[in-house]
Amino acid sequence: MASPQDLRIIIVGGGLAGLVMGIMLDRAGIDYHILEQASRLRPLGTSISLHPVIMDIMEQLGLLEDMYKMSKPLRGITVLSANGRKKGRIDARSNKRRRGHQAMVMSRPDLHEFLLAKIPAGRLTTGKRVIDISETQSEVTVTCMDETTYVGHLVIGADGAYSATRQIMYQKLTDRGMLPEGDKMPLHFDKQCVVGMTCPLDPAKYPVLQDESCEVKVLLGKDQHTSMWILPLQGNRMAWCVGGPDPHLVQTDNDHASSGSESSRGRDWYPETAVEICEDVRNFKCPYGGSVMDLIEATPKGLVSKVLLEEKMYRTWYNGRVVLVGDACHKIVPFFGQGASQAILDCACLVNMLSEAPSYSTPDLTTIFQTYVEMRAETASVASDSSREFADLIYDQGFKADIARNIVLRFTPTWLLRMITGNVNSNHPRLNFLPPPKGIYQN
């Protein structure tokens, strides 16, 4: 078996997937370097949910205790009409795992900052836009726009939905006539939203902030596709999301064009865009008293961002010495942390096999990558389907949609419980190179 100390990996992307991959490689004794395109790391989004199965991995990495401190367990999801009438509730604890883990809800910027602090100095470089990846029989060279180069034994693309790593890999496969037609199609998206996180609020005005667990409130607009989600977080803050289908959205002709300005993928993004979208919920009744606009107006502009609800399952996850993880190979509609949770499972599965590789030759890496895809693709696809179905359940309008919602909220189907609690992960890899978690799941 090859020694992990002999391996050097270039990770492209300093988001959650790239940081988690770096932490895992560090624990496995594998050398790595993270290249991040942005000159300053600023995570988009406001809240994130991680599934129970992820908590075992976080425990093995020694991160679980601190993550508990920054999060709240997800208690349930209450769906309300715009005027506050209760339409139903889903209990997120009803399929609680034997070890007692629940899905955890936390601030996404807090989680990113926490993970970033675990990356040793010198292991991450910002301002590095990757423009080319070339290979020899034993090495791979990454070239950045500033003409710097980085050499390693393999490249892991953890650079998100509009992955430069994937685009470079796919172009090389296209030039050789080897890229499947389905992978040439653009990402699908027909929904967008504005998300934000308030500054710390007064618990006397919002007593729900003192609850130890998180009850998500979903407000559905009448005769419109807009909804609003409100999630109480640690630190006396609330995360919110306003959005739904957008008639202004257009699909681009190719993935490369989409990596540029977001204006090609919906309404142009200016501060006024947030105001325009949030106007749709101005008359929504806040479940905690006052107006929902109070929460929006209590949000610093730097914590407001636009999110496109894209989705696509790619068939090609690797080629040569390049492999993809997370949104770069399976972009999932972002409901209840499916994207982040599946990305972490990708990382765990891949690092397990790299730490046990017989060698780091191209044939052995190809075998590892094939096995990785076989282990992860089906589960990621199921997660994607479940997430999309839940999005449609919330946003669809009309008589039939109302009936479907009422049925689901009264008789919660198995797929929805599995999505929320994490049991959708039929294969949940743990880190073989670290001591096992203290508890044992009952399969």
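Met293 is buried, with a relative accessible area of 7%; buried here means under 20% relative accessible area, exposed means over 50%, and partly exposed lies in between, as found with a 1.4 Å probe on protein chains only. The residue belongs to helix H9 (residues 292–297). Helices (H or I, at least four residues) and strands (E, at least two) are DSSP runs, numbered from the N terminus. Leaving out residues up to four places away in sequence, Met293 touches Cys278 and Arg282, where contact means heavy atoms within 4.5 Å. Arg282 lies eleven residues from Met293 along the chain, and the C-alpha atoms of the two are separated by 6.2 Å.

The structure is a predicted model, in which local features need pLDDT of at least 70 and side-chain atom pairs count only at pLDDT 80 or more, while totals for chains, interfaces and linings use all residues. Residues are numbered from 1 along each chain as its sequence is written, and side-chain values use heavy atoms, with hydrogens and water left out.

Now for the overall picture. The protein holds 13 helices and 20 strands. Of its 443 residues, 56% count as buried. Among contacts between residues at least 6 apart in sequence, 75% join residues at least 24 apart.

After H1 comes Gly29, whose phi is positive, near 75°.

In H4, the residues Pro109, Leu111, His112, Phe114 and Leu115 are buried. What covers them includes H1, strand E3 (47–50), helix H3 (64–69), strand E6 (104–107) and strand E12 (191–197). The N-terminal end of H4 is capped by Ser107, which has a side-chain oxygen 3.1 Å from the backbone nitrogen of Asp110. A polar contact is a pair of N or O atoms within 3.5 Å; within protein, one must be able to donate a hydrogen and the other to accept it, and residues adjacent in sequence count only if both atoms are side-chain atoms.

A further helix to look at is H11 (residues 362–395), where Ser384 is found. Ser384 is buried, with a relative accessible area of 2%. Apart from its neighbours within four places in sequence, Ser384 is in contact with Glu311, Met313, Lys331 and Ile332.

The strands come next. Two strands pair if DSSP finds at least two bridges between them. An open sheet of six strands, with mixed pairing, runs in the order E7-E2-E1-E11-E19-E18. Strand E7 (124–125) and strand E18 (318–319) stand at the edges with a single partner strand each, so one side of each has no neighbour in the sheet. Within this sheet, strand E1 (residues 8–12) and E2 pair in the parallel sense over five bridges. Ile11 stands opposite Ile34 in E2. Four of the five residues of strand E2 (residues 31–35) are buried, so E2 is largely enclosed by the rest of the structure.

Another open sheet has three strands in the order E8-E9-E10, with antiparallel pairing. Its edge strands are E8 (130–135) and E10 (149–152), and each pairs on one side only. From one strand to the next, the twist averages 20°; axes are lines fitted to C-alpha atoms, for helices over the stretch in contact, and angles run from 0 to 180 degrees between N-to-C directions. E8 and strand E9 (residues 140–144) pair in the antiparallel sense over five bridges, and they form a hairpin with four residues between them. Across this pairing, Glu135 stands opposite Val140 in E9, and Ser134 stands opposite Thr141.

Finally, the cysteines deserve a look. Cys144 counts as buried at 1% relative accessibility, and Cys349 counts as buried at 2%. A disulfide is a pair of cysteine sulfur atoms within 2.5 Å, and by this rule the count comes to zero disulfides.
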